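Here is a short report on one protein model. It takes strands, cores and a pocket in turn.

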Amino acid sequence: MRIRPAAAPDADFLGRVLLEAYNWDGTPRFTLEGLLADPASAHYVAGWPRSGDFGVVAEDASGTPVGAAWARIFPEGDQGYGFVAADVPELTLGVLPEHRGRGVGRALMAELVAAAAAREGVDRISLSVEDGNRAVRLYESCGFRTVGRNGGSDTMVLSVG
């Protein structure tokens, strides 16, 4: 596996990963078309990359993307589900189902946290995780702490500075 920075040509793959993140339990609750039509979910990938966006993509040995993690800043009027503050990037992470349980998510998280720590002005990153999502164990083991609730999800924050 290789991890590289996410770039503009990765926008479609980030959409696919967003769908996997939303359908984390394997139940097809959402479609990509539906997510991209809904401003509350589309803003995680629309216009990738915007100024201030950063992310990483995991590739298998053949160079095929298998997972991604990225972060975006959302303004007060366009908050993400894991919104904490207008200066705290919100993380999205997802791994294609056939590659889960192999350390891809942990490797992506480590690289994204390192990228966040290297960015001037970024002291924390946040995320949202739905009740029942096993990824919460990864987030907690990486140092994320619950700071609030939004519906049936916890908002978690990691200090990187």
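## Basis

This is a predicted model: local features need pLDDT of at least 70, side-chain atom pairs count only at pLDDT 80 or more, and totals for chains, interfaces and linings use all residues. Residues are numbered from 1 along each chain as its sequence is written, and side-chain values use heavy atoms, with hydrogens and water left out.

Helices (H or I, at least four residues) and strands (E, at least two) are DSSP runs, numbered from the N terminus. Two strands pair if DSSP finds at least two bridges between them.

Strand 2 (54–59) runs antiparallel to strand 3, with 6 bridges between them. Val-57 stands opposite Ala-68 in this pairing.

Strand 3 is mostly covered, with 7 of its 8 residues buried. Buried means under 20% relative accessible area, exposed over 50%, and partly exposed in between (1.4 Å probe, protein chains only).

## Strands 6 and 7

Strand 6 (residues 145–150) and strand 7 run antiparallel and share 5 bridges. Gly-148 stands opposite Thr-155. The hairpin has 2 residues between the strands, and Gly-151 takes a positive phi near 65 degrees.

Ser-153 lies in strand 7 (residues 153–159). Ser-153 counts as buried because its relative accessibility is 9%. Beyond four places in sequence, Ser-153 touches Ser-128, Val-129, Glu-130, Asp-131 and Gly-148. Contact means heavy atoms within 4.5 Å.

## Nonpolar cores

A nonpolar core is a set of buried Ala, Val, Leu, Ile, Met, Phe, Trp, Tyr and Cys residues joined through side-chain atoms within 4.5 Å. The largest has 24 residues, and Leu-91, Leu-108, Tyr-139 and Phe-144 have the most contacts inside it. Helix 4 gives the most, with 5 residues. Apart from this core lies another, of 17 residues, among them Ala-6, Leu-14, Tyr-22 and Trp-70.

Leu-108 lies in helix 4. Leu-108 counts as buried because its relative accessibility is 0%. Its contacts beyond four places in sequence include Ile-3, Val-57, Ala-68 and Leu-93. The C-alpha atoms of Leu-108 and Gly-94 are separated by 9.0 Å. Phe-144 has contacts beyond four places that include Leu-91, Met-109, Tyr-139 and Met-156.

## Largest pocket

The largest pocket has a volume of about 1,100 Å³. Of its 38 lining residues, Trp-24, Leu-93, Asn-133, Ala-135 and Tyr-139 are the closest to its centre. On a 1 Å grid over the protein atoms alone, a pocket is an open set of points where a 1.4 Å probe fits, with protein on both sides within 12 Å along at least five of seven lines; lining residues have an atom within 4 Å of a point. Grid points are joined across faces, edges and corners, and the volume is the space filled by probe spheres set on the points.

Strand 4 gives the largest share of the lining, 6 residues.

## Cis peptide

A cis peptide bond joins Trp-48 and Pro-49, with omega about -5 degrees. Pro-49 lies in the loop between helix 3 (39–42) and strand 2. Most peptide bonds are trans.
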